[in-house]
Amino acid sequence: MAQQNTLHLRGGGTSVLVDRTTPGVPAIVHWGPDLGDLADDVLDDIARGVRPQRVSGGLDETGRLTLLPQEAFGWQGTPALLGSRLSGGTAGSDFSSALVMTALEATASALRLTAQDPATRLRLDLEVDVTPTGLVAVRATLTNEGDADYEVQDLGLTLPLPASAREVADTTGRHLRERHPQRHPLSVGRYVRESRRGRPGSDATLLLLAGEPGFGFERGLVHGVHLAWSGNHSLSVERSQNAPSALRAAELLAPGEVVLRPGASYSTPVAFGSWGRGLNELSSRFHEHLRRRPQHPSADRPVTLNTWEAVYFEQDLAHLTRLADLAARVGVERFVLDDGWFSSRRDDTAGLGDWTVSPEVWPDGLAPLVDHVTGLGMQFGLWVEPEMVNPDSDLARAHPDWILQARGVWPASARQQQVLDLSNEEAFDHILRALDALLGEYAISYLKWDHNRDLVEGGSTVTGRSAVHENTLAVYRLMDELKRRHPGLEIESCASGGSRVDLGVIEHTDRVWASDTNDPLERLTIQKYTGLLLPPELIGAHIGAPHAHTTGRHHTLPFRAGVALFGHLGVEWDLASASADELGDLTAWISLYREWRDDIATGALVHADLADDTMDLRGVVARDGSRALFVYAQTASAQSHPTGRLTFPGLDAAATYRVEPLAHPASATGVGQSPLGWRDGVVSTGAALHEIGLQAPVLLPETLAVITVTRVGEATP
Ligand code: DGJ
């Protein structure tokens with residue numbers, strides 16, 4: 001039987017067309033909207049229709065953007081693989097591979113191919129999957145089939161872009177201000193976002209996006225790539241004069257970090273590509289993909305109280321007991337004791353690494369607090385920072401060689417701490433034993449797992465080589481082993497706030513801490529762009545004190561609570577300082593969250609594209625479409641007076657809905673001088689609510705309205 005030249009992989013509304021006739025390995029000729037059932041000859045014609053011509057000044061066969069672009073086949077942009085032999089003849093040889101497909105297996109939604117090069121004695125296995133939610137997942141494994149060492153410098157995964165992708169967007173940030181968007185036109189050349197911090201970092205972009213100019217959350221074809229990895233990595237987009245533009249994702253390897261002995265392999269992390277007509281669709285593919293995992297946390301996310309901004313290092317049993325009482329009273333379900341409970345850790349200068357309860361602060365151990373918290377019906381959680389060590393600690397004094405370093409001296413310090421080399425089995429076992437003992441002794445159902453510094457000079461004294469790659473794998477292993485030994489344990493990925501947010505760590509954890517700022521104004525942007533990748537139930541969002549500790553701004557409780565609703569809700573506020581009225585209102589907000597949390601954790605998260613940047617409308621639409629919850633926030637003074645319209649995305653166009661502002665606990669009618677036309681509710685269709693919308697209530701800057709939408713029937717035809 002003749003072999004099919006063009007493969008059509010499909011899943012979740014996504015088509016991937018693969019031309020297997022290209023030199024070396026196949027090329028993706030389309031990745032995006034589902035093209036429907038196509039006959040083999042039509043598929044072949046589509047692929048034939050995009051073959052490039054030979055041109056003057058170029059190679060005799062124009063290079064193709066294959067799944068593995070290689071110089072040997074005329075590719076002159078960024079190649080898939082950089083590497084060379086270190087020994088066994090000339091060092092630096094085998095720098096150019098000509099990997100040719102030798103085996104291919106395909107199903108309706110996946111392909112597995114092997115490519116080999118007898119000259120360089122390399123083999124590459126490539127996996128491409130179109131997931132049931134329409135993501136494209138790609139991973140490569142390179143094997144050294146030669147008899148001398150081969151150094152891998154760079155192995156990237158490439159996904160082509162459609163011709164309409166003319167604008168690039170990503171995010172940047174810093175501590176307390178993660179994931180703020182930036183954009184620019186896609187011009188010829190290569191735009192690269194690198195993370196060299198040993199963790200993604202506060203400036204890392206979760207996704208590198210390219211789409212039609214002006215693409216938004218609701219409109220414009222847009223494609224994006226993410227690398228499921230918590231170590232160094234690079235995301236790039238390249239536009240050239242003689243090939244389609246492409247996204248590329250790769251682990252960033254230090255010199256000598258991955259040297260393959262004969263027979264050894266290196267596997268890349270998985271690169272995930274998503275696309276959508278607008279970012280709502282692009283991100284929903286990630287959300288639904290994560291929600292289908294067997295280990296995805298349950299929808300009834302426990303309302304959490306974290307003690308950090310309530311007491312910082314001032315841990316006192318009487319005060320914390322009182323805090324726990326108040327927490328239970330307002331509806332908190334999980335109480336997390338933050339930094340400061342162990343060894344000499346009275347501030348951030350000492351103690352990291354010594355994971356035993358401080359007899360000074362906790363003379364009777366943690367049991368009095370744990371028992372009190374669990375006695376109130378709440379879960380108990382504990383802060384740890386297992387990868388870190390203060391030089392002023394027993395661990396650093398006993399094992400200075402367990403600290404990551406490159407030149408026989410410790411690297412530059414950050415937050416007075418250094419990083420343990422968990423690729424060193426002795427260090428790994430020591431930390432595993434310490435954490436295991438704590439989890440065995442106390443009823444701890446949750447670890448807030450922190451990581452408070454960037455890595456620099458991350459070398460291992462065992463191998464003498466860079467060990468960021470191995471440490472990234474080691475921390476995943478450590479988390480998995482603790483979860484294996486303590487079934488039901490949940491882990492939060494925190495790293496100076498939101499510096500370790502990625503699909504690598506989320507395979508081993510249950511939520512992320514999006515940022516150390518609890519200021520709701522900052523949080524609106526941080527949560528919006530963290531939500532491009534993660535669904536709300538995986539994003540920790542806390543109601544802070546009226547006065548934001550990180551910015552000095554004051555906000556009302558409705559503004560703080562309304563912004564925290566679309567996340568995994570928590571409280572980070574010394575409730576002993578709250579008034580009776582505030583506690584009453586907080587109770588109402590928490591019960592509002594509890595009423596909606598199932599929809600927040602299972603429904604579609606949507607953001608509206610509105611004409612005025614000071615108007616932020618976001619919501620969740622229940623999975624069955626029966627109801628939706630929206631929050632409209634006025635982030636600064638509006639451009640128009642009265643304010644413009646709210647147009648509601650994500651509703652069923654044909655259904656009729658009752659829309660009303662929620663009076664309690666939110667204040668929705670604002671400061672307009674006559675009543676809002678829909679103050680007492682209005683009935684409209686999904687189509688009208690999206691195309692025409694409703695007049696926005698006139699709100700003061702930095703206030704918000706909560707709006708409920710309830711389906712009351714189908715539209716009459
Ligand atoms: C950084 C975290 O992001 C904070 O929430 C807090 O846990 C501190 N570390 C504690 O040191």
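1. Asp-94 is found in the loop between strand E4 (81-85) and strand E5 (100-106); helices (H or I, at least four residues) and strands (E, at least two) are DSSP runs, numbered from the N terminus. Although Asp-94 is not a glycine, its phi is positive, at about 60°.

2. A word on the basis of these points. The model is predicted, so that local features need pLDDT of at least 70 and side-chain atom pairs count only at pLDDT 80 or more, while totals for chains, interfaces and linings use all residues. Residues are numbered from 1 along each chain as its sequence is written, and side-chain values use heavy atoms, with hydrogens and water left out.

3. The UniProt record, in an unreviewed entry, lists residues 25-260 as "domain: Glycosyl hydrolase family 36 N-terminal". UniProt positions are given in the numbering used here, feature names are shortened, and annotations may be inferred rather than shown by experiment. The span 25-260 is 4% helix and 45% strand, and its end C-alpha atoms lie 23 Å apart.

4. Strands E1, E2 and E3 form an open sheet in the order E1-E2-E3, with antiparallel pairing; two strands pair if DSSP finds at least two bridges between them. Strand E1 (6-11) and strand E3 (27-33) are the edge strands, each pairing on one side only. On average, neighbouring strands of this sheet are turned by 15° against each other, direction ignored. Axes are lines fitted to C-alpha atoms, for helices over the stretch in contact, and angles run from 0 to 180 degrees between N-to-C directions. Strand E2 (residues 14-19) runs antiparallel to E3 and is joined to it by 6 bridges. Val-18 has Ile-28 as its bridge partner in E3.

5. Another open sheet is formed by 6 strands in the order E30-E31-E32-E37-E34-E35, also with antiparallel pairing. Strand E30 (604-607) and strand E35 (682-685) stand at the edges, and each has a single partner strand, so one side of each is left without a neighbour in the sheet. Here the neighbouring strands are turned by 25° against each other on average, direction ignored. Within the sheet, strand E34 (residues 655-661) and strand E37 (residues 703-714) pair in the antiparallel sense over 7 bridges. Glu-714 in E37 is the bridge partner of Ala-655.

6. The bond from His-641 to Pro-642 is cis, with omega near 0°, and Pro-642 is placed in the loop between strand E32 (627-634) and strand E33 (645-646). His-664 and Pro-665 are likewise joined by a cis peptide bond, with omega about 10°; Pro-665 lies in the loop between E34 and E35.

7. Of the 13 residues around the ligand, Asp-338, Asp-339, Lys-448, Asp-450 and Asp-516 come nearest; a residue is near a molecule or strand if one of its heavy atoms lies within 4 Å of it. The shell divides into 4 nonpolar, 3 polar and 6 charged residues. Ala, Val, Leu, Ile, Met, Phe, Trp, Tyr, Cys and Pro count as nonpolar, Asp, Glu, Lys and Arg as charged, and the others, Gly among them, as polar.

8. An N or O atom in the side chain of Asp-339 is 2.6 Å from an oxygen atom of the ligand. For the side chain of Arg-415, the corresponding distance to a ligand oxygen atom is 2.9 Å. A nitrogen atom of the ligand lies 3.3 Å from a polar side-chain atom of Asn-452. The ligand taken alone exposes 300 Å², and the protein buries 98% of that; accessible areas come from the Shrake-Rupley method with a 1.4 Å probe.

Terms used. A polar contact is a pair of N or O atoms within 3.5 Å; within protein, one must be able to donate a hydrogen and the other to accept it, and residues adjacent in sequence count only if both atoms are side-chain atoms.
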